[in-house]
Amino acid sequence: MRVDLRLLLILLVVACLALLPVAALLAEEPYWMRFWSRIMILGLAAAGLNLILGFGGLVSFGHAMYVAIGAYTVGALRHHGVEGGLPDILVALGASAGVGLLIGAICLRTSGIFFIMITLAFAQMTYFFFVSLEQYGGDDGMRIASGTQLGPLHLDDTLTLYYSAFLLLCGVIFLTWRLVNARFGMVIRGARSNEQRMAALGIPVFRYRLTAYVISAMICALAGVLLANLTLYISPAYTHWTRSGELLIMVILGGLGTLFGPVIGAIVLLQLEDLLAHITQHWQLFLGPILILVVLFARGGLLGLLAPRQVSQRPAEEIDG
Amino acid sequence: MSTTLLLIQTLNGLQFGVMLFLMAAGLTLVFGIMNLVNLAHGSLYMMGAYFAAAATSWTGNPLLGIALAIPAALILGLLVELITLRTLYQRDHLDQVLCTFGLILFFNELARVLWGSAAIPMAIPESFTGFVTIIPGLIYPKWRLAIIVVGLLVALLLYVLITHTRLGMLIRAGASNRAMVGALGVNISLLFTLVFGLGAALAGLAGAMVAPLLSVEPGMGDPILILTFVVIVIGGIGSIRGAFIASLLVGLIDTVGRAFLPALLREAFQTQSANTVGAALASMLIYILMAAVLFFRPRGLFPPKGR
Amino acid sequence: MAEPLLSTRNLAKSFGGLTATDDLSLDVLPREVHAVIGPNGAGKTTLISQLSGELQPDAGSIFFDGQDITALPAWRRPHLGLTRSFQITSIFRDMSALQNVALAVQAHAGHSFRFWRPAAQDPELLEPAREALRQVGLQHRADVAAAALAHGEQRQLEIAMALATRPKLLLLDEPMAGMGPEESAKMVELLQKLKGTLAFLLVEHDMDAVFAVADRITVLVYGRAIATGRPEEIRGNENVRQAYLGEESLAV
């Protein structure tokens, strides 16, 4: 590993995240923990999306759907009187894997803009599906009576949730690192770069992409479980298309196909929103142009800005930051 | 269900369909020729509606308001193209999606700053208030009928433009083979600007005409934008004919489905939940249609030849 | 005559009104260098795309190694020993040369559902990949990003990738396209070195190269084979002179 600005930034961020609750307790600002839990949860979902978007080159405009599936799992299980934590996680993973397998198999038949649009269409379908679930509050959504409990761990406790999100995020980034550098990841990345050549070499790209799609859906569903614990609320708005757009923005802001990019992107986007919201009620008036400027002028994302060379030119084995 | 009700809902579906076509025509051309995913197309529609409402309250005449909204949307579209989108043509779809997503945030908030969060009412032009008897026993709102007529006229005009003019020839060539148009020595950036302006004016026209029927409010372009994308993907990107057929298809299926599906399911299953399931299914119908079309024809119903 | 490794029988393909392959029956013998030449638009690349499975023929059959592969998906064909290279260099630009070839080795080494061990340190992939780079003379450029290689080197890499799938028959689509004389000479040398270890179906415009390495030549005109034979037979063939070589020598 080369010691560069990016690495320093990442170490700094990880250290700050690990120690933030201490600062929050000392400053008696528990809100900080909730705010940063939210950042890490969305960062987790963005990391899931990054697996297929950044490394696989598949622009899914519907990944908020899987976050919503995770959240609704918690809500539905509690609604039907299922307590305890393991069912939350297992059902969320199972449901997202099943839905991801089905929808992924259909979507991956298309490519390019058609893929973007068909993933969006499925997310919209899910949106209207959740709206129609009147026993879960329909359009308005529903409160969740209690969060996920894993033995002594109560995920709806602020501190527990914070560290659960932190550890899960670190775990997923580590998993992504192994995944994208293993043979599986080489296929996914090769397919992004040159799909035709993959087939000519004898690699059936579809099944690997589908696997990556399902893994990424499951990561997003885990983020959804945590999100339900943070808000203790579920709503069809979780799968609104602007949420999927926000996940895309986080991945791009941080740096496409970098391991820590999604987290950096989540931090920057949510902090920016928070900051602008403090200054003016009309913060979106400024967020929009800022996004445009980032896309136009900082193509490798923020991590790309700090990198010595452009991300796309880097030989693949250097993907370590 | 009565035949009259079915006919009225069919007309409503047609009205919705031609409105979608006004949106889709511009979007599919911009997409087909410039390879640009423009999410901000819905914002042009919203601004068209606002321009119409504002010009109406200024002049006191809704028809004049609508007439003024079209050039205003055209100018706005040209400005957007010149300032931001022009640099995006060479970028990949992801960059375009994000950049135009930023434009949506900007315009929605801009509308809120300029006109407030509350919906603005706009009157139907005086000579078009009330109903008209189409056939005995079937009366229909004049203004909705006017929208259908205008939409079909625009479709006809576009057809003539595309098939019988030099500009149309270039547009067709561009949709099927972008490189070739450049090789012909055509001023590509002028062509792009013209096509984008045309699309913006049509989106503005759509927004202005439905403004009296809907509430003019921030974010009103978002749902219509998604439907428009559904339309052009079903129709085949770059194809005006595909956009026209898919617009009517989506308009009819959506309107008729919403009107009758809940009742049909209720009759079939005799349960309370049939109503809500029916409503949900009705709102999902067009997305199911789109997924099905893409499953069997991954490039839509009428993909331009030669790409 | 030995059993052909690859044969096409009455192969046909047209695009709209344009006939690209017309009732084509062609045999490639094991370890033979079989060149396919013809003027532009003769349907050479279309032929390769049908053999490699990217295009489906309208009619006729393709047999490889005693098996009917006409309808076999493209990605299965390299596993039988039938691999193609591309006329327009088709490499993974953001990976190093070695990784490009390692990916080809990986393709040949069974499924890639391996999620944990880093591929970049896997000797099972790297050793054969280095060997393939050595075969084409690129071993000293192994760690350079593919995008940063010179044009000629990228063409060599293209061939190394195809070789790494251990083909019995390599479909070479204009390996010398866009090369200067020096690079072309190197490529001819490489083909001559590889000759005899596997079969080639070589599509090429560089006539000197074709006549230097080919065992047999088939001449395509408008998708139809007007002659097949040893280089000296083709040189002496009156039809070929008229249809093709004559034209070209006149043009020069």
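**Figure 1. Strands β1 and β4 of chain C pair in an antiparallel sheet.** In chain C, strand β1 (residues 6-15) and strand β4 (residues 59-64) run in the antiparallel sense and are joined over five bridges. The model shown here and in the other views is a predicted one. C:Arg9 has C:Ser61 of β4(C) opposite it. The two strands belong to an open sheet of four strands in chain C, with the order β2-β1-β4-β5 and antiparallel pairing. At the edges are β2 (18-28) and β5 (67-68) of chain C; each has a single partner strand, so one side of each is left without a neighbour in the sheet. Helix α1 (residues 44-52) of chain C packs on this sheet and touches β1, β2 and β4 of chain C. The direction of helix α1 of chain C makes about 120° with that of β1(C).

**Figure 2. A mixed sheet of six strands in chain C.** The order of the strands in this open sheet is β6-β7-β8-β3-β9-β10. Which strands stand at the edges? They are β6 (82-84) and β10 (224-229) of chain C; each pairs with a single partner strand, so one side of each has no neighbour in the sheet. On average, neighbouring strands of this sheet are turned by 15° against each other, with direction ignored. Within the sheet, strand β3 (residues 33-37) and strand β9 (residues 216-221) of chain C pair in the parallel sense over four bridges. One residue to look for is C:Ala35, whose bridge partner in β9(C) is C:Ile217. Helix α5 (residues 151-164) of chain C packs on the sheet and touches β6 and β7 (169-173) of chain C. The angle between the direction of helix α5 of chain C and that of β7(C) is about 155°.

**Figure 3. The interface of chain A and chain C.** Here 34 residues of chain A are in contact with 38 residues of chain C. The two chains bury about 3200 Å² between them, and 60% of this area is on carbon and sulfur atoms. On the side of chain A, the residues that lose the most area to chain C are A:Arg183, A:Arg197 and A:Leu201, which together account for 28% of what that side buries. Four salt bridges are counted between chain A and chain C. In one of them, the side chains of A:Arg197 and C:Glu158 meet at 2.2 Å, N to O. There are also 14 residue pairs in polar contact between the two chains. The elements of chain A that give two or more residues to this side are α6 (158-181), α7 (183-193), α8 (195-201) and α9 (205-231). The largest share, eight residues, comes from α7(A). By type, the residues on this side of chain A are 17 nonpolar, nine polar and eight charged.

**Figure 4. The interface of chain B and chain A.** The contact takes 42 residues from chain B and 40 residues from chain A. About 3800 Å² is buried between chain B and chain A, 81% of it on carbon and sulfur atoms. On the side of chain B that touches chain A, α4 (93-115), α9 (221-235) and α11 (273-296) of chain B each supply at least two residues. The most come from α4(B), with 16 residues. This side of chain B divides into 29 nonpolar, seven polar and six charged residues.

Definitions and conventions. Residues are numbered from 1 along each chain as its sequence is written. Chains are lettered from A and ligands numbered from 1 in the order in which they are written. This is a predicted model: local features need pLDDT of at least 70, side-chain atom pairs count only at pLDDT 80 or more; totals for chains, interfaces and linings use all residues. Side-chain values use heavy atoms; hydrogens and water are left out. Contact means heavy atoms within 4.5 Å. Buried area is the accessible area (1.4 Å probe) that two parts lose on being put together, summed over both. A polar contact is a pair of N or O atoms within 3.5 Å; within protein, one must be able to donate a hydrogen and the other to accept it, and residues adjacent in sequence count only if both atoms are side-chain atoms. Ala, Val, Leu, Ile, Met, Phe, Trp, Tyr, Cys and Pro count as nonpolar, Asp, Glu, Lys and Arg as charged, and the others, Gly among them, as polar. Two strands pair if DSSP finds at least two bridges between them. Axes are lines fitted to C-alpha atoms, for helices over the stretch in contact, and angles run from 0 to 180 degrees between N-to-C directions.
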